[in-house]
Amino acid sequence: MSRNYKFYNRGTGFSGFELACIVIAIASGGSIMSHVNDSGFWMVNQFLGLTEKQTFRSWTVMTTILALTGFGVVSVLYYVF
């Protein structure tokens, strides 16, 4: 798709797609290393029957992988399209 046909936001100079990529990248960064005040942490703890220490280790690894994957995918999409 040619850049001439994209919708551009007047105030920022970014297209709608570029703005969506920026928002997803920010959200990915915000989800990394969530802590015990996250309700998902306690759901995983209760449903899997883990100790808090085990849950913290697995939760931290999972959210880090999720955040880095999201950031990587959105980076590729941003630069390819």
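Of the 81 residues in this chain, 20% count as buried (buried means under 20% relative accessible area, with a 1.4 Å probe and protein chains only). What you're looking at is a predicted model, where local features need pLDDT of at least 70, side-chain atom pairs count only at pLDDT 80 or more, and totals for chains, interfaces and linings use all residues. Residues are numbered from 1 along each chain as its sequence is written, and side-chain values use heavy atoms, leaving out hydrogens and water.

Now look at how α1 and α3 pack. Their axes, lines fitted to C-alpha atoms over the stretch in contact, are compared by angles from 0 to 180 degrees between N-to-C directions. The axes lie 8 Å apart at an angle of about 165 degrees, which makes α1 roughly antiparallel to α3 (that label is for angles over 145 degrees). Here's who touches whom, with contact meaning heavy atoms within 4.5 Å:

| Helix | Residues in the contact |
|---|---|
| α1 (residues 16-31) | Phe17, Glu18, Cys21, Ile24, Ala25, Ser28, Ser31 |
| α3 (residues 52-80) | Thr63, Ala67, Gly70, Phe71, Val74, Leu77, Tyr78 |

Across the chain, residues 24 or more positions apart account for 46% of the contacts with a separation of 6 or more.

Notes. Helix = DSSP H or I, 4+ residues; strand = E, 2+ residues; numbered from the N terminus. Parallel < 35°, antiparallel > 145°, perpendicular 65-115°, else oblique. Buried < 20%, exposed > 50% of the residue type's maximum accessible area, 1.4 Å probe, protein only.
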